[in-house]
Amino acid sequence: MAIDWYLVVSALIFCIGAGGVLVRRNPLVILLCLELMLNAANLALIAFARMHGNSDGQIFALIVMVVAACEVTVGLGLIVAIFRRRLPIDVDELRELQG
Amino acid sequence: MSTTTWAWLVLAFPLAGAIVNGLGYKKLGRGGAGAIGTLAIGLAFVCAVAALIGLQGHAPNDRALVSSLWDYAVTGDVNAKLSILVDPLSVYMMLVVTGVSTLIHLYSVSYMRGDRGYSRYFAYLNFFVFSMLVLVLGGNFLMLIVGWAFVGAASYLLISFWYRRGTATKAGIKAFVINVVGDVGLVLGTFFILRHSGTLDFLGTFRAAEGGAFAGHQGSLTAGCLLLLVGAFAKSAQIPLHTWLPDAMEGPTPVSSLIHAATMVTAGVYLIARMHPLFERAPAAADTAAIVGCVTLLVAGTIGLVMTDIKRVIAYSTMSQIGYMIMAVGAGGYVAGLFHLMTHAFFKALLFMAAGSIIGAMAGGQSLERMSGFRRAMPFTFGCFVVGGLALSGVPPFSGFFSKDEILAFVGSRGGWFDVLYVVGYAGAFLTAVYTWRMIFRAFFGEPCAEAKELEHGHLAHAEVPTNPANGEVEDTDVGFPGPEHTIAERAIPMKVAMTLLAIGATFAGFVQIPHVDHVITNFLQPTFADSKWVDHEPSNTLVNFGLVIGTVIGLSGIALAYRVWVLKPGSAAAWQARLKPVYTLFVNKWWFDEAIDLLVVRPFAAFGNFARGTFERVFVDDTLVGGTTGIVRAGSAAVRAIQTGFLRYYAALLLLGGAAVLLYFLISAS
């Protein structure tokens, strides 16, 4: 079975995620889009694993899921903290850290 | 104990004295510091005598002992060791330095009693003796340079000892700067010699010179020797690096006596004598030394004629006498020069001590204009002055007579253009007699001045308001100034003892080397100078006998002239001054050496420095180098800062773009 279609789907999902990160201003949505990008990568990894018939890619995919879980934990924690301080939930407004 | 152990002890005692006095000044009190200082030098003298005895036990051709304590750096051609060379020359210098120093320390115990910086004084003085001993004992160029620089530092500390006096601190700085010029000369000269000899060690260098290390490098050797001479001239106050010595009289009188008459200023003579195997292979440098010594002895003598500050008269006299020594060692008469070095140490130290006594009686005043008629008030000081004066003017049988005549006989026997030096030497001897006795007649003869009259009634004059003798400034008598009390030799046993011993030395020291009778010093120093080409060069009997007669005649006639001008016909000196106005102006302005150095060296350098500060420093260093570097960093950081907008999505876009660029690169390079 050709791997092309899997990769096309993966690239599409990745681009959707990247586009979402760039255009959306709500940090929750940005996190979701990041998840999309990570999962696009997962899809590609698993597709390659199937193609080569060894499980390295699947292990990588599992690790990426762990990383994604960590990232979401930190990200959501930050968002909750921002929310509690009644700051705007908008990444364009949160720009004190600049040169 | 072995000879070299004794020599190490000679070094150790003054150093220990300096450290104990320097660190323990609070605990020691007044008596302690003086006692420790004097005792340390006294013990050093005893050890020096022991070293002498030990050295005489060796066979004559085995009297150059080297002892090394540890190595600093021994790499390739550089063998920097802490080593000493004990041979007849260094033992001779060691004996003169420690012997005279002991007496001067003893003198200082009383003379400096009124000073609040008593312990500091003895710490410095001990340090000086230590440095001087390092200089004369050092067995390689490194030790020589270290000792050379140390005595310069000690001299600076002691000249500016009364540091509240602006004149004293200025004089100290001047002496230090001129001496550093000499140090640089010495170091550069060492480099020239090291380059071809391949060793820092003295004996190794001389062996290398013997073995022809400088064959074909005559220019290097001559340059090296001339640079060594720069060091010698600066330390020994020879023209044109002499102007610091008269100013150095700002220091306490015993300091002038020890450093600026008896020991430190003779270091140049020692240097040339020590380096004789090199100087004999560089005749141009040796001749330069002889000529400069000769010029100095004459010029200094003429200035001594017209100075009115008693210490400055003696200072110019010192310059003049060192001129004789330099002339002698330059011409090859090493023994004659070193013999004069010893006798000069005795009588010049004595003269300074006696001058210190008079200055005490004048409550700190030093001007000959105000002194007169001290003969009855201060018989002991007068006696010492007469002994010192007779020795200095070269009247038989005093020590200066024999040593000066030996120098002049040697120079005369060289023939050729040395005859000019010979004649100038005798002219200088005549001047010596005149200025010495002018000083004595003015201070001790004539109507007693107010201070002398008071002293005759048993009351030592006491200045109501102490003033600086150099510029008349009123001074407080707290630390950093001479105390309010003054001491005269008549009332202080230590001073009397020291002066008596020196007077004995000044009278009888010449007897060790009387022509046709004995040759103690020649025989003793023979092993050091055995390789000299002048070792067998003896002036003819006719010349020696002629010298003895003419020396006596010139000394006595100089005294007679001084007696006529300043005692028989008081006031005739003023008439002479008026008659010889241009000459007098030349002399009293010290031949304008200070002004010439100021014009030729100080001002051009100051102007150059100002120019460099205005252009090079400001434009190149400040604006280009420093300003340029900060400008680049500033611009770079401004550019980087502009990227840091704080927009999260902007960063994400950059990240993606970067990733896309990398991807693109791999895609293109893969296809």
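Biologist: Which residues does B:I159 touch, not counting residues up to four places away in sequence?

Modeller: This is a predicted model, in which local features need pLDDT of at least 70, side-chain atom pairs count only at pLDDT 80 or more, and totals for chains, interfaces and linings use all residues. Residues are numbered from 1 along each chain as its sequence is written, while chains are lettered from A and ligands numbered from 1 in the order in which they are written. Two residues are in contact if their C-beta atoms, placed from the backbone, lie within 7 Å. With residues up to four places away in sequence left out, the residues that B:I159 touches are B:A168, B:A171, B:G172, B:A175, B:A248, B:E250 and B:G251.

Biologist: Is B:I159 buried or exposed?

Modeller: B:I159 belongs to helix α5 (residues 141–159) of chain B, where helices (H or I, at least four residues) and strands (E, at least two) are DSSP runs numbered from the N terminus. A residue is buried if 20 or more other C-beta atoms lie within 10 Å of its own, exposed if 12 or fewer, and partly exposed in between, with C-beta atoms placed from the backbone. Because B:I159 has 28 other C-beta atoms within 10 Å, this residue is buried.

Biologist: What distance separates the C-alpha atoms of B:I159 and B:D247?

Modeller: Along the chain, B:I159 and B:D247 are 88 residues apart.

Biologist: Among contacts in chain B between residues at least 6 apart in sequence, what percentage join residues at least 24 apart?

Modeller: As background, chain B has 26 helices and two strands, and 52% of its 671 residues count as buried. Its C-alpha trace spans about 115 × 65 × 55 Å along the principal axes. Of the contacts between residues at least 6 apart in sequence, the share that joins residues at least 24 apart is 81%.

Biologist: How are helix α8 and helix α13 of chain B oriented to each other, and in which hand does α8(B) pass α13(B)?

Modeller: With axes taken as lines fitted to C-alpha atoms, for helices over the stretch in contact, and angles running from 0 to 180 degrees between N-to-C directions, α8 (residues 218–235) and α13 (residues 283–306) of chain B come within 8 Å and cross at roughly 25 degrees. Angles under 35 degrees count as roughly parallel, over 145 as roughly antiparallel, 65 to 115 as roughly perpendicular and the rest as oblique. A crossing is left-handed if the near helix is turned anticlockwise from the far one by less than a right angle, and right-handed if clockwise. The two helices α8(B) and α13(B) are therefore roughly parallel, and the crossing is right-handed.

Biologist: How do the residues of the contact of α8(B) with α13(B) divide by class?

Modeller: From α8(B), the residues B:T222, B:C225, B:L226, B:L229 and B:F233 meet B:A284, B:A285, B:T288, B:A289 and B:V292 in α13(B). Ala, Val, Leu, Ile, Met, Phe, Trp, Tyr, Cys and Pro count as nonpolar, Asp, Glu, Lys and Arg as charged, and the others, Gly among them, as polar. The contact of α8(B) with α13(B) divides into eight nonpolar, two polar and no charged residues.

Biologist: Where in chain B does B:P240 lie?

Modeller: B:I239 and B:P240 are joined by a cis peptide bond, with omega at about 5 degrees. The place of B:P240 is the loop between α8 and α9 (244–247) of chain B.

Biologist: Does B:W592 count as buried or exposed?

Modeller: B:W592, in the loop between α24 and α25 of chain B, has a positive phi of about 55 degrees although it is not a glycine. Because B:W592 has 12 C-beta neighbours inside 10 Å, this residue counts as exposed.

Biologist: How far apart are the centres of domain 1 and domain 2 of chain B?

Modeller: An automatic or database domain assignment supplies the domain bounds, and for chain B it gives domain 1 (3–588) and domain 2 (594–670). Taken over C-alpha atoms, the distance between the two centres is 58 Å.

Biologist: Which element gives the most to the side of chain B that touches chain A?

Modeller: Eleven residues of chain B are in contact with ten residues of chain A. On the chain B side, the elements that give two or more residues are α25 (593–643) and α26 (648–670). With five residues, the element that gives the most is α26(B).
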